There are 2 protein chains.
Amino acid sequence: MEKYVVGIDLGGTKICCAVADLKGNIKAQTTLATLAHEGEGAVLARMILAVETVMKEINAPLEDIKAIGIGSPGPLDAEKGIIVTTPNLPFKNFNIVNPMTERFNVPVYLDNDANVAAIGEYLLGAGKGTKNMVYVTVSTGIGGGAIVNGKIYRGNTSNALEVGHMTIVPDGPRCNCGNLGCAEAVASGTAIAKRAKEAVESKAETSLKNYENVTSYEVFVEASKGDKVAKAILDSCLNYLGITVANIITSFDPEVVIIGGGVSQGGDVVFDKVREVVNTRNFKTMADSCKVLPAGLGTNAGVVGAVALAILETESV
Amino acid sequence: MEKYVVGIDLGGTKICCAVADLKGNIKAQTTLATLAHEGEGAVLARMILAVETVMKEINAPLEDIKAIGIGSPGPLDAEKGIIVTTPNLPFKNFNIVNPMTERFNVPVYLDNDANVAAIGEYLLGAGKGTKNMVYVTVSTGIGGGAIVNGKIYRGNTSNALEVGHMTIVPDGPRCNCGNLGCAEAVASGTAIAKRAKEAVESKAETSLKNYENVTSYEVFVEASKGDKVAKAILDSCLNYLGITVANIITSFDPEVVIIGGGVSQGGDVVFDKVREVVNTRNFKTMADSCKVLPAGLGTNAGVVGAVALAILETESV
């Protein structure tokens, strides 16, 4: 009885579902198309089907489930179990937790992608063994989650660690949120690509010129080949990412900052620069005692994080 | 038995000590000169004497003390009870908690000024009734403390909420810590005074000219009289203070940010500007749900905070 937890990574195109033992070892996994256009009820039914499928796969009755964790794009109300709204899913102010609880008769926990990833890294990834850690994801946007005294920290409106919207350059470029100089506007993958596009469209001499729709990936590639313009773009954007991380360290004084998301896959060039800025800008004791590490969970991070959410919330009951 | 807590505010010039009931109502209070030059033992003896004095004043035996809280300038190691070093006190890597515990046979808690003030505001001041709040002190420097889920948050090296050293202007003026553009270098009382001094020494037409050693206080006075240069200085520095507060809200999503310290006594001009920046830069839901309030504890804040430390730590045991 109660031998497993189930994690669901709810995305706009697919629903990933995994069953794991109470230590987080995945026993079976399935992926279904979300088919968001079919509406709230249909997507909910497929989430339920996914749970039933993985339990059938390990030949275990539904009674063996101890808890279910759901990771979803936000904004959402984690405490109430409500998905407020999200561009690629049909749910509008939809309580996703209640019908799941009713169906499976176990505690169901909901949290946003960044928090779920933070919990995953904390329990099963690069943050294992820490008590206070911050996870930052850097891709199209910048988001984050913090573990404080061994628990996810959500804040007053479930928006804590919106670090992508920390002001880094007071008079910097306009962010999608309307503010000027947010971390997301100067240090995200989108920001890197935007700078590259400006360079391509200018008279700058750069090998980036070959690309029509330049992305941050191409900037990393051309910089590694020695293109000076690409290198300068990375140097500038990663400097701002370093300041973002340094400000996080100054505020939270964590044991580790874990960086995930597409930009983190730039590897050493990213982590060396961030580390350099942290060493320059943070108090020595804080910089020395805080590791800056790449995320430990790979492409499976979403569903592993959802599993970890179920484990962490069950433990802290 | 165990009817009182004692708070000690340890300063470079004086030791303030108060005894309070378990709700924080001060019953008696005394102040002794620190006489720091007499060394560690002598100052410790005077701290003990101060505790004995306040207990005698209310005619209660020492056995009626439940816990003692000590607020001290940092850096210090709160968990171990050690004052690492501080410019105006004789203690160097000195465990102040052990001898106090031995003398009074009760739990003794130590924390730095900013955390103690945060706890005081949380239990007995403007933060009463909240679960998550951040306290920011803005005077010569800028410091802070956070209550997270009802407990003080110290971080990994006891340096959490060093918000004065958050980078606000990446290429801004040099901070005393060595970094560029820290909040403290652009938004503290010292920063305001420095800008005023530059103005006085320039050809700018300003009524600040009358002062030789201009302070932030004079800038507030002249700005209130309509001096344009003083107004522009305040507008700029308080804008940066607003960004600092906005970044804190983005990171911690607290119910309230409480601002204390000398600069906060500028009143509406300070709080109106900070609020304006928060409304501009923060997500609407976060800005709307987070109050920005002046500190509720007055000149007695240090010793009241030490009393609150004793109460909070006793409660959470």
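Entry one, cysteines. I began with A:C177, which is partly exposed at 34% relative accessibility. This is a predicted model, by the way, so I kept that in mind as I read on. I then asked where the closest cysteine sulfur to that of A:C177 lies. It belongs to A:C182, 3.7 Å away, which is too far for a bond because a disulfide needs the two sulfur atoms within 2.5 Å. I counted disulfides over all chains and came to zero. A:C175 is likewise in no disulfide, its nearest cysteine sulfur being that of A:C177 at 3.8 Å.

Entry two, the two copies. I superposed chain B on chain A with a rotation of 180° and 0.0 Å of shift along the axis, at an RMSD of 0.0 Å. That is how a two-fold axis relates its copies. Both copies use the same surface, as 100% of the contact residues of chain B recur in chain A.

I found 37 residues from chain A and 37 residues from chain B in the contact. Together the chains bury about 3,300 Å², with 52% of that on carbon and sulfur atoms. On the side of chain B that touches chain A, α7 (228-252) and α9 (284-289) of chain B each supply at least two residues. α7(B) gives the most to that side, with six residues.

Conventions. Residues are numbered from 1 along each chain as its sequence is written. Chains are lettered from A and ligands numbered from 1 in the order in which they are written. This is a predicted model: local features need pLDDT of at least 70, side-chain atom pairs count only at pLDDT 80 or more; totals for chains, interfaces and linings use all residues. Side-chain values use heavy atoms; hydrogens and water are left out. Copies are superposed by least squares on the C-alpha atoms of residues with pLDDT of at least 70 in both. Contact means heavy atoms within 4.5 Å. Buried means under 20% relative accessible area, exposed over 50%, partly exposed in between (1.4 Å probe, protein chains only). Buried area is the accessible area (1.4 Å probe) that two parts lose on being put together, summed over both. Helices (H or I, at least four residues) and strands (E, at least two) are DSSP runs, numbered from the N terminus.
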